[in-house]
Amino acid sequence: MSLIEWVELPDLGDERGSLVVIESNKNIPFDVKRLYYIFNTQSDIPRGFHAHKELHQIAFCLKGKCKMVMDSGMEKQEVWLENSNKGLRIPPLIWHEMHDFSDDCILLVVASDHYKESDYIRGYDEFLKEIHKPFIHPLSDVKTQKIGLNTRVWQYSVILAGAKIGDNCNICAHTLIENEVIVGNNVTVKSGVFIWDGITLQDNVFIGPCVTFTNDKKPRSKQYPENFPQTIVEKGASIGANATILPGINIGQNALIGAGAVVTKDVPANAIVVGNPAIIKGYVE
Ligand code: T46
């Protein structure tokens with residue numbers, strides 16, 4: 001993906017010279033609340049080294065040139081600013097650095113907001129944390145603080161305070177995760193899944209839509225087992241839509257549970273199980 005996006009302004013000049021116009025919300029795609037310009041720079045003294053949280057900016061090099069490094073945290077691109085009517089967009093959450101200023105460089109920057117030091121992210125580690133922080137949809141109710149980087153939690157999901165969720169997971173809309181639950185990294189939980197106390201999903205597990213977990217062998221209203229049986233879905237296993245997993249089951253690494261299966265006993269690693277009660281139909285290669 002290109003991090004370099006230009007805003008080109010027409011030169012309305014004639015034989016008398018050039019004339020370029022900057023207009024908020026017309027040729028500049030935001031409300032311009034501030035302008036600043038940078039000059040008298042030195043070629044061996046770089047500037048920038050920060051990202052903004054919300055600020056949008058466009059930088060025009062009115063005279064001379066300088067190099068801009070743009071860094072999304074995933075990739076880095078460099079570009080020369082050397083054209084007075086071709087501005088480089090500096091969107092929020094892009095780490096940027098200015099290098100190799102020519103002696104005559106004059107840089108004009110238009111900005112979408114007034115100066116606020118609180119909008120700056122001036123440490124690179126802090127920047128990486130910010131761009132990889134989990135996405136929690138505002139319509140979800142997430143109480144746990146233990147949610148890993150790059151994890152996404154969607155609408156109408158409820159996650160209780162004791163749950164631990166790893167990195168890079170996708171917890172789809174309409175899910176519930178109780179307290180004594182551990183979810184590893186790279187786990188997908190599709191919609192309509194409730195993960196009760198005592199259930200562990202290890203790394204790379206896939207839970208299909210409306211899979212039903214259980215954690216009480218003899219359920220009676222208002223009577224609770226002393227300890228919930230532990231159900232473990234081991235690394236890389238996948239459970240198809242609408243399967244039912246009875247309490248205290250171990251599903252081995254990379255196992256595949258067919259859609260609608262009712263799993264009543266442990267499933268060995270790599271096994272493919274289907275039906276009610278689920279039986280082994282083969283093994284994944
Ligand atoms: C950016 C790049 C491209 C203010 O008080 N008001 C202002 O509007 C600005 C822009 C700066 N300042 C103060 C803050 C610092 O004490 O001026 C001092 C120098 O700013 P800074 O070190 O951030 O300058 P640069 O060249 O590293 O970065 C500037 C902009 O600050 C920044 O928003 O994106 O140019």
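1. S157 sits in the loop between β13 (152-153) and β14 (158-159); strands here are DSSP runs (E, at least two residues), helices are runs of H or I of at least four, and both are numbered from the N terminus. S157 counts as buried, at 1% relative accessibility, where buried means under 20% relative accessible area, exposed over 50% and partly exposed in between (1.4 Å probe, protein chains only). A polar atom of the S157 side chain lies 3.0 Å from the backbone oxygen of W154. A polar contact is a pair of N or O atoms within 3.5 Å; within protein, one must be able to donate a hydrogen and the other to accept it, and residues adjacent in sequence count only if both atoms are side-chain atoms.

2. On the basis of the note: this is a predicted model, in which local features need pLDDT of at least 70 and side-chain atom pairs count only at pLDDT 80 or more, while totals for chains, interfaces and linings use all residues. Residues are numbered from 1 along each chain as its sequence is written, and side-chain values use heavy atoms, with hydrogens and water left out.

3. An unreviewed UniProt entry places the feature "domain: Sugar 3,4-ketoisomerase QdtA cupin" at residues 5-130. UniProt positions are given in the numbering used here, feature names are shortened, and annotations may be inferred rather than shown by experiment. In the model this span is 6% helix and 40% strand, and its end C-alpha atoms lie 22 Å apart.

4. Five strands form an open sheet with antiparallel pairing, in the order β6-β5-β8-β3-β10. Its edge strands, each pairing on one side only, are β6 (76-81) and β10 (120-121). Two strands pair if DSSP finds at least two bridges between them.

5. Strand β5 (residues 66-71) runs antiparallel to β8 and is joined to β8 by five bridges. With β6, β5 pairs in the antiparallel sense over six bridges. M68 stands opposite M98 in β8, and its bridge partner in β6 is V79. D71 likewise has W95 opposite in β8 and K76 as its bridge partner in β6. The hairpin of β5 and β6 has four residues between the strands, and G73 there takes a positive phi near 95°.

6. Is β5 buried or exposed? Six of the six residues of β5 are buried, so this strand is largely enclosed by the rest of the structure. Both faces are covered: C66, M68 and M70 are buried on one side, and K67, V69 and D71 on the other.

7. The structure holds seven aromatic pairs. W95 and F127 form one that is tilted, at 5.7 Å centre to centre and 40° between the planes. W95 lies in strand β8 (residues 95-99) and F127 in helix α1 (residues 124-131), so the pair ties together parts that are 32 residues apart in sequence. Rings of Phe, Tyr and Trp (its six-membered ring) pair if their centres lie within 6.5 Å; planes under 30 degrees apart count as stacked, over 60 as edge-to-face and the rest as tilted. W95 is buried, with a relative accessible area of 4%, and F127 is buried at 0%. W95, Y124 and F127 form one aromatic cluster.

8. Two lysines sit over tryptophan rings: K65 lies over the face of W80, 4.4 Å from the ring centre, and the charged end of K86 sits over the ring of W6, 4.7 Å from its centre. The criterion is that NZ of Lys or CZ of Arg is within 6 Å of the ring centre and within 35 degrees of the ring normal.

9. Which residues come nearest to the ligand? R34, R47, H52, H96 and Y120 do, out of the 13 residues around the ligand; a residue is near a molecule or strand if one of its heavy atoms lies within 4 Å of it. An N or O atom in the side chain of Y120 is 2.6 Å from an oxygen atom of the ligand. For R122 the corresponding distance is 3.1 Å, and a polar side-chain atom of Y36 lies 3.3 Å from a ligand oxygen atom.
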